[in-house]
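Subject: Structure handover

Hi,

Here is the structure for you to look at. My notes follow below it.

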Amino acid sequence: MEVIIKRSSVEVSHLAARIVAHQVKRKPDSVLGLATGATPELMYSSLAHMHRDEKLDFSRVTTFNLDEYVGLAANHPHSYHHYMETNFFSHVNIPKERIHIPDGLAKDIPASCREYEAAIHAAGGIDLQVLGLGTDGHIGFNEPSSSLSSRTRIKTLTEQTVDANRRFFSKGEKVPHHVITMGVGTIREARCCILIAYGEGKADAVARMVEGPITAMVPASVLQLHENTIVIVDEESARNLARRDYYHFVYNNKVAWQRYE
Ligand code: GLP
């Protein structure tokens with residue numbers, strides 16, 4: 001696990017965007033795993049700028065999103081389909097047929113989850129998975145106690161996550177408790193993961209993910225077992241990390257070919 005501590009959320013987002021762009025340039029038919037939430041918004045707008053200004057080409061890219069709310073149609077303003085369309089897909093040139101997001105209205109949810117897994121497999125697996133981090137240490141919507149080998153399936157959100165996501169919904173609107181999410185096992189199979197987090201609200205989860213024991217109670221801690229994971233955080237969310245100075249030292253003393261910027 002490589003831990004990179006940047007000064008601000010803007011620097012975190014720009015570095016994440018550069019890593020995604022590098023992947024797409026190196027392998028134009030990359031399979032990207034994508035996340036939602038407030039955290040990656042700036043990364044997406046940065047990638048959209050690269051598409052517009054630097055002609056970063058997504059025409060051969062395939063995407064798989066991590067999760068979706070059960071019961072929300074794709075055009076619902078708070079669905080993750082809508083989020084992705086607004087924040088990213090409408091600004092770049094990924095062909096519609098290469099975009100995959102779990103279907104919140106699937107009649108047979110277990111069957112649609114199996115199909116989602118099969119589609120990832122048929123695409124050759126995920127090259128680069130972008131992840132955010134829940135305040136309780138979840139990735140995707142894999143809440144604490146999720147099996148570390150779990151696959152795409154329906155999950156029930158904790159009250160903590162429902163409350164954290166309430167800010168995206170209108171006042172009085174019901175926040176769904178049920179979601180479809182890629183499993184922890186699905187995420188672990190990505191060839192590379194980049195997890196981004198910022199703000200003091202994530203400090204506890206970041207410390208438990210990076211330096212705590214590997215446990216289903218902090219699903220993100222499983223990334224310690226992943227051979228190619230980059231954690232990009234800001235100073236505020238890194239403040240509980242005991243080895244902060246070491247991570248800075250490592251990053252500042254990389255040999256040239258290891259650098260991302
Ligand atoms: C939701 C999403 C996660 C995301 C998390 C953090 O639970 N399913 O993918 O990482 O929220 O959200 P935010 O970035 O808004 O803090």
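Which residue in β10 does Leu 195 stand opposite? Leu 195 faces Val 231 there.

Before the rest, the ground rules. This is a predicted model, so local features need pLDDT of at least 70 and side-chain atom pairs count only at pLDDT 80 or more, while totals for chains, interfaces and linings use all residues. Residues are numbered from 1 along each chain as its sequence is written, and side-chain values use heavy atoms, with hydrogens and water left out. Helices (H or I, at least four residues) and strands (E, at least two) are DSSP runs, numbered from the N terminus.

The sheet

Strands β9 and β10 run parallel and are joined by five bridges. They belong to an open sheet of seven strands. The order is β1-β10-β9-β6-β2-β3-β5, with parallel pairing. Pairing here requires that DSSP finds at least two bridges between two strands. The edges are β1 (2-6) and β5 (99-100), each of which pairs on one side only.

Helix α2

Helix α2 covers residues 41-54, 14 residues in total. From first C-alpha to last it reaches 19 Å, close to the 20 Å expected at 1.5 Å a residue. That expected span is 1.5 Å times one less than the number of residues. Its buried residues are Met 43, Tyr 44, Ser 46, Leu 47, Ala 48, Met 50 and His 51. Buried means under 20% relative accessible area, exposed over 50%, and partly exposed in between (1.4 Å probe, protein chains only). The buried residues of α2 pack against α1, β2, α3 (80-87), β6 (128-131) and β9 (192-197). Contact means heavy atoms within 4.5 Å. Just after the helix, Lys 55 takes a positive phi of about 60 degrees.

Ser 30

Ser 30 sits in the loop between α1 (9-26) and β2 (31-34). It counts as buried because its relative accessibility is 0%. Its side chain makes a polar contact with the side chain of Gln 23 at 2.8 Å. A polar contact is a pair of N or O atoms within 3.5 Å; within protein, one must be able to donate a hydrogen and the other to accept it, and residues adjacent in sequence count only if both atoms are side-chain atoms. The side chain of Ser 30 also reaches the backbone oxygen of Lys 27, at 2.6 Å. Leaving aside residues up to four places away in sequence, Ser 30 touches Gln 23, Val 24, Arg 60, Val 61, Thr 62 and Asp 127.

Salt bridges

A salt bridge puts a side-chain nitrogen of Lys or Arg within 4 Å of a carboxyl oxygen of Asp or Glu. By this rule there are nine. One of them links Arg 151 and Glu 117, with the closest N and O atoms 2.8 Å apart. Arg 151 lies in the loop between β6 and β7 (153-156) and Glu 117 in helix α4 (residues 109-122), so the pair ties together parts 34 residues apart in sequence. Arg 151 is partly exposed at 33%, whereas Glu 117 is buried at 16%.

Arg 166 and Asp 163 form another, at 2.9 Å between the closest N and O atoms. Arg 166 is partly exposed at 38%, and Asp 163 is partly exposed at 45%.

Arg 239 and Glu 200 also meet in a salt bridge (3.2 Å, N to O). Salt bridges that share partners join Lys 27, Asp 127 and Arg 191 into one network.

Best wishes
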